[in-house]
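This report goes through one protein model, from a single residue to the whole chain. Look at the sequence and the structure before reading on.

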Amino acid sequence: MFPVASGAPVLDAQTRMRLGRQLQALYDPVIDEALDPRLAELLQQLDADRADDSER
């Protein structure tokens, strides 16, 4: 669990579950969309750069 600040609102389990289901329903279609080829290329370059950094 995350620490809760004094006086901060707390969501009960039922509310967290309901919000989770609503967010999943909202974002599920996005996951199925094709990735823009330019973005895919940038992500591949980032992965390659990270691999190079870890070898040093």
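## One leucine

Is Leu39 buried, partly exposed or exposed? The model is predicted, and in it Leu39 has a relative accessibility of 40%. Buried means under 20% and exposed means over 50%, so Leu39 counts as partly exposed.

Leu39 sits in helix H2, which covers residues 37–55. From Leu39 to Gln14 the separation is 25 residues in sequence and 37 Å in space, taken from C-alpha to C-alpha.

## A nonpolar patch

Leu39 belongs to a nonpolar surface patch, together with Leu35, Leu42, Leu43 and Leu46. The accessible area of these residues together is about 430 Å².

Leu43, another residue of the patch, also lies in helix H2. Its relative accessibility is 39%, so Leu43 counts as partly exposed.

## Helix H2

H2 is made of 19 residues. From its first C-alpha to its last it reaches 27 Å, close to the 27 Å expected at 1.5 Å a residue. At the start of the helix, the backbone nitrogen of Arg38 has a side-chain oxygen of Asp36 within 2.8 Å.

## The whole protein

The protein has two helices and zero strands. Its radius of gyration is 19 Å, well over the 10 Å given by the globule rule for 56 residues, so the protein is more spread out than a compact globule. The C-alpha trace spans about 45 × 35 × 15 Å along its principal axes.

Of the 56 residues, 2% are buried. The accessible surface is about 5600 Å², and carbon and sulfur atoms account for 59% of this surface.

Note on methods. Residues are numbered from 1 along each chain as its sequence is written. This is a predicted model: local features need pLDDT of at least 70, side-chain atom pairs count only at pLDDT 80 or more; totals for chains, interfaces and linings use all residues. Side-chain values use heavy atoms; hydrogens and water are left out. Helices (H or I, at least four residues) and strands (E, at least two) are DSSP runs, numbered from the N terminus. Buried means under 20% relative accessible area, exposed over 50%, partly exposed in between (1.4 Å probe, protein chains only). Patches are made of residues with over 30% relative accessible area and no salt bridge: like charges are joined within 9 Å, nonpolar side chains (Val, Leu, Ile, Met, Phe, Trp, Tyr) within 5 Å. Accessible areas come from the Shrake-Rupley method with a 1.4 Å probe; for residues, only the protein chains shown count as cover. A salt bridge is a side-chain nitrogen of Lys or Arg within 4 Å of a carboxyl oxygen of Asp or Glu. The expected span of a helix is 1.5 Å times one less than its number of residues. A polar contact is a pair of N or O atoms within 3.5 Å; within protein, one must be able to donate a hydrogen and the other to accept it, and residues adjacent in sequence count only if both atoms are side-chain atoms. The radius of gyration is taken over C-alpha atoms; the globule rule is 2.2 Å times the number of residues to the power 0.38.
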